[in-house]
Amino acid sequence: MRRSLFLLLGILLFSCAIEDDTNDPILCTQELRPGLEITVMDAKTGSIITEGISVFADDGKTIEALVNADNTKTFIGAYEKAGSFIITVEGNGFVKFVSNDTITVEKDACHVITEKREVVLQSIQ
């Protein structure tokens, strides 16, 4: 009798431990994803430029400098940061660019959804 009681108690505790109320679990990766990916082009030549270029994202609270990662042709930043951003791009020999419209970065259950944009800079001459 005592053995049956312990067996029943063990089965009951084990079944409670494995109970899962989630029918469709969401599995998220550990990676950080950029909210913004900006490509900068020279209007005169049509080529992508990164040398001497600075890109900034302003969400109204903070201004973040986007980074040109090694061996890439884009500037990335606003990692895992949802919100609305004004983009500013500056470079020697180019007219400063400030976006007229905000770029809205949204987030899903795990990460931000990267917004990709191209900015074309006009040369000063």
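**Close-ups of the strands and loops**

**View 1. Strands E2 and E3 make a hairpin.** Four residues sit between the two strands, and Gly 60 in the turn shows a positive phi of about 90 degrees. This is a predicted model, where local features need pLDDT of at least 70 and side-chain atom pairs count only at pLDDT 80 or more, while totals for chains, interfaces and linings use all residues. Residues are numbered from 1 along each chain as its sequence is written, and side-chain values rely on heavy atoms, leaving out hydrogens and water. Helices (H or I, at least four residues) and strands (E, at least two) are DSSP runs numbered from the N terminus.

**View 2. Here is the protein chain as a whole.** Of its 125 residues, 25% count as buried; buried means under 20% relative accessible area, exposed over 50% and partly exposed in between, using a 1.4 Å probe and protein chains only. The accessible surface comes to about 9100 Å², with 54% of that belonging to carbon and sulfur atoms (Shrake-Rupley method, 1.4 Å probe; for residues, only the protein chains shown count as cover). Among contacts with a separation of 6 or more, 62% link residues 24 or more positions apart, a contact being heavy atoms within 4.5 Å.

**View 3. Strand E2 has partners in both E3 and E5.** E2 covers residues 53–58, and its pairing with E5 (residues 83–91) is antiparallel over six bridges. With E3 (residues 63–68), E2 also pairs in the antiparallel sense, this time over four bridges. Two strands count as paired if DSSP finds at least two bridges between them. Look for Ala 57: it stands opposite Ile 87 in E5 and opposite Glu 64 in E3. Ile 53, Val 55 and Ala 57 make up the covered face of E2, while Ser 54, Phe 56 and Asp 58 make up the uncovered one.

**View 4. Asp 42 is buried without a salt bridge.** You'll find Asp 42 in strand E1 (residues 34–42). The nearest side chain of opposite charge is Lys 44, 7.4 Å away. Lys and Arg count as positive and Asp and Glu as negative, with His and the chain ends not counted; a salt bridge needs a side-chain nitrogen of Lys or Arg within 4 Å of a carboxyl oxygen of Asp or Glu. Beyond four places in sequence, Asp 42 touches Ser 47, Ile 49, Phe 94, Val 120 and Leu 121.

**View 5. His 111 counts as buried because its relative accessibility is 5%.** His 111 lies in the loop between strands E7 (103–105) and E8 (115–121). Its side chain makes a polar contact with the side chain of Glu 80 at 2.6 Å, and reaches the backbone oxygen of Glu 31 at 3.5 Å. A polar contact is a pair of N or O atoms within 3.5 Å; within protein, one must be able to donate a hydrogen and the other to accept it, and residues adjacent in sequence count only if both atoms are side-chain atoms.

**View 6. Two alanines sit in loops.** Ala 82, in the loop between E4 (75–79) and E5, is partly exposed at 43% relative accessible area. Ala 82 and His 111 are 29 residues apart in sequence, with 9.0 Å from C-alpha to C-alpha. Ala 109, in the loop between E7 and E8, is exposed at 59%. Apart from neighbours within four places in sequence, Ala 109 is in contact with Ile 26 and Cys 28.
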